[in-house]
Amino acid sequence: MGRKVVVAVCCLNQWALDFDGNLSRIIASIQEAKVQGASYRTGPELEVTGYSCEDHFYEADTLLHSWEVLAELLASPVCKNILVDVGMPVMHKSVTYNCRVSFFNGKLLLIRPKLRLCDDGNYRESRWFTAWTKIYQTEDYILPEFIRELTGQKSVVFGDAVLETLDTTIGFEICEELWNPYSTHISLGLDGIEFIVNGSGSYFELRKANVAVDLVLNATKKSGGCYLYSNLRGCDGQRIMFNGGSCIALNGEAIARTRQFSLEEVEVAVATVDLDDIKTYRNLVRSRNTAAAQNPSYRRIPVDFSLSESSCYAMRASTTPFKWQYHSPEEEIAYGPAGWLWDYLRRSGQGGFFLPLSGGVDSSSSAVLVYSMCRMVVTSVQNGDSHVIDDVRRIVGDPSYIPDDPRELCNRIFITCYMGSANSSAETRQRAKDLSDQLGSYHLALAIDAVVSAALNIFTVVTGLVPKFRVDGGSLRENLALQNVQARMRMVLSYLLAQLMLWARGRSGGLLVLGSANVDESLRGYLTKYDCSSADVNPIGGISKADLKRFLAYARLEYGFTSLDGILAAPPTAELEPLQEGRLVQTDEEDMGLTYNELGDLGRLRKQAACGPYTTFCRLIHSWRGAHTPAEIAHKVKHFYRCYAINRHKMTVITPSVHAETYSPDDNRFDHRPFLYNAKWGWQFRAIDAHLEHVNKMVDTDDRKLDNAHMQSGRRSSGVAV
């Protein structure tokens with residue numbers, strides 16, 4: 001019989017700088033790990049402070065409070081007789097490192113700094129931290145005075161070392177080190193380290209969940225071992241949502257996991273591992289053993305404790321592997337942004353959401369996400385989650401409230417409003433009403449014409465001029481201004497209603513205004529600055545139009561919302577220009593000069609493939625071949641980049657949204673670009689013209705060759721000598 005070890009990973013919904021709450025959740029995870037029989041518990045990256053402290057990591061207060069939290073953990077009876085490591089920032093020799101700190105029974109064992117920092121996507125770790133580059137090396141770290149008094153230790157080992165208990169070894173690989181081409185788990189595995197531990201802060205992105213899982217599984221597939229991966233979950237104060245999905249893998253197979261999406265603040269997964277399974281697996285891979293025999297050795301920090309010493313778990317069966325099941329992209333949209341909305345709502349102190357509901361795909365998607373959030377809340381309440389119960393009672397202002405129906409909860413915390421004008425159609429008004437009925441939201445319908453007229457009257461008084469729509473003989477500038485004033489009045493009214501509607505309903509507090517501009521429209525700049533795209537938060541701002549349509553089709557089946565049929569069938573429109581005989585004359589794609597699918601292609605080339613205008617044109621000549629001529633493609637590329645450049649300034653004030661798409665134009669963190677461009681793109685567009693001329697010549701030459709071939713073929717078939 002092998003030696004059995006019970007180990008635990010956890011998924012924590014931490015909050016930047018919430019030291020009280022973060023400490024409470026860490027202790028709860030340790031307690032749960034012990035209840036499930038674990039002798040070792042590890043957690044996510046920077047769990048003590050929260051990951052998204054950003055420039056607060058410069059502050060001495062943040063470092064001090066991290067040590068104070070650690071002192072509470074060292075002294076807590078919950079942390080007795082279990083090996084623990086936590087993530088926190090530590091300053092060593094005036095340099096701040098992102099670290100794992102290990103301790104056992106009130107004594108510090110090792111401070112292990114991160115070796116590889118992440119600076120791509122939404123990450124900016126090297127702004128606040130420095131990578132530890134002294135591989136295999138350690139130094140003494142002199143402990144703060146109050147820690148010395150608590151532990152009786154003067155110093156602790158700091159650097160690239162591992163823990164050695166009486167029966168096994170534990171090494172560390174912090175987040176980005178797993179993604180790095182020279183991953184730390186390679187040298188750890190070759191040095192015989194049996195447990196490789198990764199505290200991570202990996203964020204949500206559509207269709208990304210398998211990436212971390214594949215890396216974890218592959219980390220032990222070639223060289224054996226047990227991999228413990230702990231990730232954060234939820235919104236800790238920024239535009240990203242941490243992806244959950246903590247897991248344990250053994251010899252290339254998953255044996256335990258937490259959920260990717262959940263409102264649960266603390267979730268622990270444990271696994272029983274037979275240490276002999278690791279040794280046997282490794283011994284059978286002969287090429288691995290040859291490499292291991294010449295691998296450098298890490299310094300081993302002795303721990304006078306055996307992870308497998310508890311006899312009551314010696315008879316416990318080893319945890320069996322399972323096949324990982326992933327959410328579809330539609331399910332990821334339903335649960336990811338909805339969970340982010342819940343975290344934002346409960347931590348903002350507000351009483352719910354207000355949404356201008358137009359009856360189109362975008363605002364309907366935002367509305368359905370609120371409903372999805374309410375479903376998640378009700379499910380958590382039914383599962384007995386006391387934290388969710390406390391939060392929802394505080395939000396609705398009822399200390400005895402127990403939600404048991406998502407529609408009823410929606411009615412309490414969600415107000416939708418159709419803001420029609422003379423340019424709005426009866427169809428969109430009805431679609432908004434029908435959807436609100438099925439959601440259960442508290443719905444309003446009003447006309448904004450009087451407010452718009454009042455604003456225009458001021459302009460007429462000042463100038464003596466009366467602007468007209470294009471269909472009435474007005475100029476393009478007049479037409480655009482008349483559209484924008486409608487959109488901006490909707491934003492003003494939205495904030496007025498958000499501040500007062502709970503008061504009107506006899507409740508205290510205010511509402512968060514939700515936006516509903518998708519990622520494609522933000523990229524193209526097809527939105528009015530300071531209109532209904534300007535809000536407190538935007539749950540769909542990182543999602544493409546195509547994905548939103550697929551999400552609504554999923555919601556139609558999953559939630560039974562028949563009202564979505566008409567919304568999905570209708571052409572997208574802003575309804576800001578006059579109707580003709582009661583029918584729409586304005587559609588979004590016609591206004592933009594590009595389809596939403598084309599915008600998606602252009603966005604991925606601009607961001608993911610790092611293409612400028614010229615290379616974008618060269619790529620699209622091939623991928624759009626058959627759908628458009630080279631000249632049409634050149635026109636579309638120029639049109640896109642001209643509009644993008646003119647409208648880029650709008651991204652500096654775009655409403656915060658949960659990051660979800662790899663080609664997001666979010667100016668705050670993900671997509672750093674100028675907001676004042678030369679929109680003529682002179683040099684770049686000349687390069688396109690030159691390449692287009694070259695392509696056309698090649699096409700003409702090929703056509704002549706083809707014509708000649710056809711002529712000769714025809715002569716042969718008619719018997720004419722050639």
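**Overall fold and the setting of valine 268**

The model is predicted, so local features need pLDDT of at least 70 and side-chain atom pairs pLDDT 80 or more, while totals for chains, interfaces and linings use all residues. Residues are numbered from 1 along each chain as its sequence is written, and side-chain values use heavy atoms, without hydrogens or water.

The chain holds 23 helices and 21 strands. These are DSSP runs, numbered from the N terminus: H or I of at least four residues for helices, E of at least two for strands. The C-alpha atoms fill a box of roughly 90 × 85 × 50 Å along the principal axes. Contact means heavy atoms within 4.5 Å. Of the contacts with a separation of 6 or more, 74% join residues 24 or more positions apart.

UniProt, in an unreviewed entry, lists residues 5–275 as "domain: CN hydrolase"; such annotations may be inferred rather than shown by experiment. This span is 24% helix and 33% strand. Its end C-alpha atoms lie 7 Å apart.

Valine 268 is found in strand 16, residues 266–274. Its relative accessibility is 14%, so valine 268 counts as buried. Leaving aside neighbours within four places in sequence, valine 268 contacts Ala8, Val9, Cys10, Ser29, Glu32, Ala33, Gln36 and Thr258. Glycine 43 lies 225 residues from valine 268 in sequence. In space, the two are 9.4 Å apart, C-alpha to C-alpha.

Methods:
Buried means under 20% relative accessible area, exposed over 50%, partly exposed in between (1.4 Å probe, protein chains only).
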